[in-house]
Amino acid sequence: MKSIHVTASVLAFAAAVAMPAAARDQIQVTGSSTVLPYATIVAEAFGENFDFPTPVVEGGGSGAGRKKMCEGVGEATVDIANSSSRIGQSDIDLCAANGVAEILEVRFGYDGIVFASAVDGADFAFTPADVYLALAAKVAKDGALVDNTSATWAEVNAALPAQDILALVPGTKHGTREVFDVKVIEAGCKETGAMDLFLAVAEGKDDKEKGDNAKKACHELRTDGKSVDIDGDYTETLARLDADKNAIGVFGLSFYQNNTDKLKVATMGGVVPSTESIASGEYPVSRPLFFYVKKAHIGVIPGLKEYVEFFVSDEMAGPDGPLAAYGLVSDPELAATQAAVAAETPMGPLE
Amino acid sequence: MTDISQFPAGPMRVTPPKQSILTASANMKRRNAAESRFKAYGVAAIAIALGSLAIMLFTIFRDGTSSFTQAQLAFPMELTAEVLDPKGNRDREEMTKVTTVGYSKVLVAALQAELQKQGIVQDGITDKEIGELISKDAAGQLRAQVLADTSLVGTTITADVLAGGRIDGYLKGRVTLETAERDSNVTPEQLLLADKLSEAGILTTGWNWSFFTSPDASDQRPEAAGLGVALLGSAYMMLIVLVTCVPVGVAASIYLEEFAPKNRWTDAIEVNISNLAAVPSIVFGILGLAIFINFAGLPNSSSVVGAFVLSLMTLPTIIIATRASIKAVPPSIRDAALGIGASKMQTVFHHVLPLAMPGILTGTILGLASALGETAPLLLIGMVAFVDNYPSAPPEGFLDPATALPVQVYSWASRADPAFIERSNGAIIVLLVFLVIMNVGAILLRRRFERRW
């Protein structure tokens with residue numbers, strides 16, 4: 001008898017599961033873990049103030065999120081992909097191949113990347129050249145490329161403290177690393193003249209390929225333990241920094257602003273990073289933040305358009321909104337974004 | 001062996017021992033020394049294991065216990081009709097136009113009025129900073145409360161709201177006046193005002209039920225984050241895992257153990273089951289994404305998909321435990337039943353299975369416990385997410401988005417605000433309590449019902 005009971009309950013359960021999935025009524029968002037905190041703040045406020053359910057927001061990375069969005073159209077696919085870097089042609093092609101023809105590109109603000117040390121440590125004032133000379137695998141010396149042997153910051157630049165070099169850099173899977181590579185390392189590479197030397201020895205069919213290879217060579221960081229890749233979150237960088245007071249960590253501005261009691265920020269080219277100095281463009285290491293909306297889902301998934309409009313409204317993404325309070329650098333051209341969202345203008349081809 | 005061979009067997013040609021057996025020979029000393037060394041290694045191994053466990057538990061409890069209490073503000077508040085219902089019709093539709101911004105103004109005004117009434121003054125603090133003492137979550141809660149009962153507008157109620165995360169941290173000793181100097185989210189003046197508020201009895205610390213009931217919260221309001229959705233999601237998943245795994249696992253084991261012919265096929269199945277038990281759990285996540293979401297079209301982030309993935313992972317464990325306990329039932333029981341005319345099936349269901357039950361239950365509970373603590377496969381099926389709405393009641397609720405306990409630990413541990421470290425450790429404690437209860441249950445069942453032959 002018992003076994004009949006069990007079988008019956010299994011059947012009942014199987015029936016319950018086999019029912020056609022009810023129409024999805026909540027928005028699904030995925031993508032960059034840098035954008036994740038901003039998206040959760042908006043989602044929470046959206047759930048509080050609208051009669052729609054709170055959107056479900058996932059992290060996991062910009063690239064993975066865009067791929068997930070490009071899987072196709074329909075309730076089983078996500079509606080929005082958050083991204084800390086601009087979408088690439090390969091993703092657009094993938095989207096088109098899967099029937100996702102129109103995508104709304106929404107740039108909602110900027111994020112700064114800061115260098116910080118333990119709060120009771122020495123003060124640092126970096127330039128991109130300092131960071132390059134300290135961390136690159138090969139540096140220019142007397143007109144030739146040599147292996148980087150600097151052991152202390154003072155060896156790199158006499159104005160810096162005589163402290164052992166140890167930098168905690170985001171791992172290559174992070175969007176932050178790309179910005180660090182381009183805005184700091186590459187800038188330093190050019191400034192110190194190493195770029196020209198790399199260019200002279202670069203292989204390639206034409207100038208463009210040579211240039212790309214030279215850039216790649218610039219981005220090589222030293223592997224003797226002075227530069228450590230952190231593949232986890234900023235919390236891991238902070239924990240390592242706690243353990244070794246000599247270390248310099250690379251963080252997002254919002255993470256630093258939430259941990260100012262533990263971290264001391266370094267200046268870059270003499271500019272203190274803040275939402276103001278990033279907005280004005282004085283602080284060089286920053287990047288735009290995006291999210292991409294599947295246009296075919298607007299009007300199908302309830303509340304999708306309202307969520308997107310709410311996200312870019314002055315109330316949320318404006319300079320006095322909660323996102324700015326958390327560390328987002330408000331986009332000076334927010335009004336244009338709002339207009340584009342209201343008109344549901346899909347993005348054109350990449351220039 | 002060498003010890004014995006010193007005394008060759010055969011005719012009695014025993015050479016008299018060179019020394020008394022009461023004094024230890026060199027050989028015996030060596031053997032005794034080896035034994036005590038081995039014991040010392042064993043004790044050292046246990047000490048290392050216990051030591052690491054103690055350190056782990058100590059840090060978890062040191063950082064986590066404070067999440068079970070929470071700072072709260074209680075003050076009378078007039079729900080001013082001019083702000084909350086400008087048109088005065090008490091019409092819910094019209095009142096939804098007032099956002100949480102409006103409600104937070106009412107809250108801040110009420111707190112300021114109370115400060116004035118009680119004569120609490122703090123120099124060098126702005127009105128905005130006073131407002132920041134109140135959690136950002138409070139306005140949303142108040143709005144939901146008022147919209148649910150519009151007759152509240154115009155009355156004076158007691159606001160029971162959470163204090164901000166930094167104020168909470170101050171009462172718990174995580175934030176000090178010294179760190180507040182450098183902290184961009186709190187000023188020392190706010191902390192001094194918090195001191196005065198606790199003296200006046202407005203700011204109190206109490207048991208934090210909302211940690212167990214409220215859903216997750218965003219990075220700006222760690223004080224409001226709770227385990228509600230995660231507990232529900234974990235409960236749903238365990239229920240489905242139980243309902244799918246036990247019948248399938250037990251039926252498979254009974255067939256393999258009692259009915260199946262011993263041939264190449266059953267051998268292959270046996271090897272595969274043992275192999276599956278050792279497959280890394282993330283593999284099941286990849287499988288789940290491909291089969292349940294992409295192929296079967298089940299919704300992303302839903303507890304039913306999570307449960308199916310965990311079921312696949314738990315099944316081998318349950319089958320192995322069940323087969324072992326069926327095998328442990330002595331053949332004489334089966335022979336006796338068959339001897340008095342019972343059919344094979346009657347033998348199994350009337351005699352073997354009841355005797356094997358304690359072992360099956362123990363195996364099932366241990367399998368469930370490991371499924372409860374699993375995060376990796378859930379990453380791939382979208383359950384590591386910010387989910388703010390409770391899943392509805394089963395069975396529809398199985399299709400709603402949910403998270404799970406270990407997932408909440410993981411996502412809180414990667415948040416920027418330091419207050420989430422406390423929450424994360426608190427969630428670990430809750431998870432550990434559940435695991436201990438399950439494991440103790442398994443031990444008790446085994447003690448109570450196990451039979452030895």
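Okay, let's start with chain B, which is divided into two domains: domain 1 covers 69-208, and domain 2 covers 228-449. Before I go on, keep in mind that this is a predicted model. The C-alpha centres of those two domains of chain B sit 45 Å apart.

Let's stay in chain B and look at a sheet. It's an open one with three strands in the order 2-1-3, and the pairing is antiparallel. On the edges you have strand 2 (156-162) and strand 3 (203-207) of chain B, each pairing on one side only. If you ignore direction, neighbouring strands of this sheet are turned by 35° against each other on average. Now pick out strand 1 of chain B, residues 69-78: strand 1 and strand 3 of chain B pair in the antiparallel sense over five bridges. If you want one bridge to find on screen, take B:Gln70, whose partner in strand 3 of chain B is B:Gly206. And what packs on the sheet? That's helix 5 of chain B, residues 100-118, which touches strand 1 and strand 2 of chain B. The direction of helix 5 makes about 85° with that of strand 1 of chain B.

Of the 351 residues in chain A, 47% are buried. Here's a number about how the chain folds back on itself: take the contacts in chain A between residues at least 6 apart in sequence, and 73% of them join residues at least 24 apart.

Chain A also has two domains. Domain 1 comes in two pieces, 23-111 + 287-342, while domain 2 is 122-244. Their centres, over C-alpha atoms, are separated by 33 Å. Where they touch, domain 1 of chain A puts in seven residues and domain 2 of chain A puts in five. On the domain 1 side, the residues split into six polar, one charged and no nonpolar.

Let me zoom in on helix 3 of chain A, residues 62-69. Which residues are buried there? They're A:Ser62, A:Gly63, A:Gly65, A:Arg66 and A:Met69. Looking down the axis of helix 3 of chain A, these buried residues fall within an arc of 165°, so they line one face of the helix. As for what they pack against, the list for chain A is strand 1 (28-31), strand 2 (56-60), strand 3 (80-83), helix 4 (89-97), helix 7 (175-191) and strand 13 (286-294).

Last stop: where the two chains meet. Chain A brings 41 residues to the contact and chain B brings 40. Several elements of chain A each supply at least two residues to that side, among them helix 1 (2-18), helix 10 (234-243) and helix 15 (322-326). Which element of chain A gives the most? Helix 2 of chain A does, with nine residues. Counting up the chain A side by type, there are 20 nonpolar, 14 polar and seven charged residues.

One more thing about this contact. Strand 2 of chain A is joined by two bridges to strand 4 of chain B, residues 385-386, and the two run antiparallel. To see one of those bridges, go to A:Val57 and look across to its partner in strand 4 of chain B, B:Phe386. That's it from me, thanks.

Key:
Residues are numbered from 1 along each chain as its sequence is written. Chains are lettered from A and ligands numbered from 1 in the order in which they are written. This is a predicted model: local features need pLDDT of at least 70, side-chain atom pairs count only at pLDDT 80 or more; totals for chains, interfaces and linings use all residues. Domain bounds come from an automatic or database domain assignment. Two residues are in contact if their C-beta atoms, placed from the backbone, lie within 7 Å. Ala, Val, Leu, Ile, Met, Phe, Trp, Tyr, Cys and Pro count as nonpolar, Asp, Glu, Lys and Arg as charged, and the others, Gly among them, as polar. A residue is buried if 20 or more other C-beta atoms lie within 10 Å of its own, exposed if 12 or fewer, and partly exposed in between; C-beta atoms are placed from the backbone. Two strands pair if DSSP finds at least two bridges between them. Helices (H or I, at least four residues) and strands (E, at least two) are DSSP runs, numbered from the N terminus. Axes are lines fitted to C-alpha atoms, for helices over the stretch in contact, and angles run from 0 to 180 degrees between N-to-C directions. The arc is that of the directions from the helix axis to the C-beta atoms.
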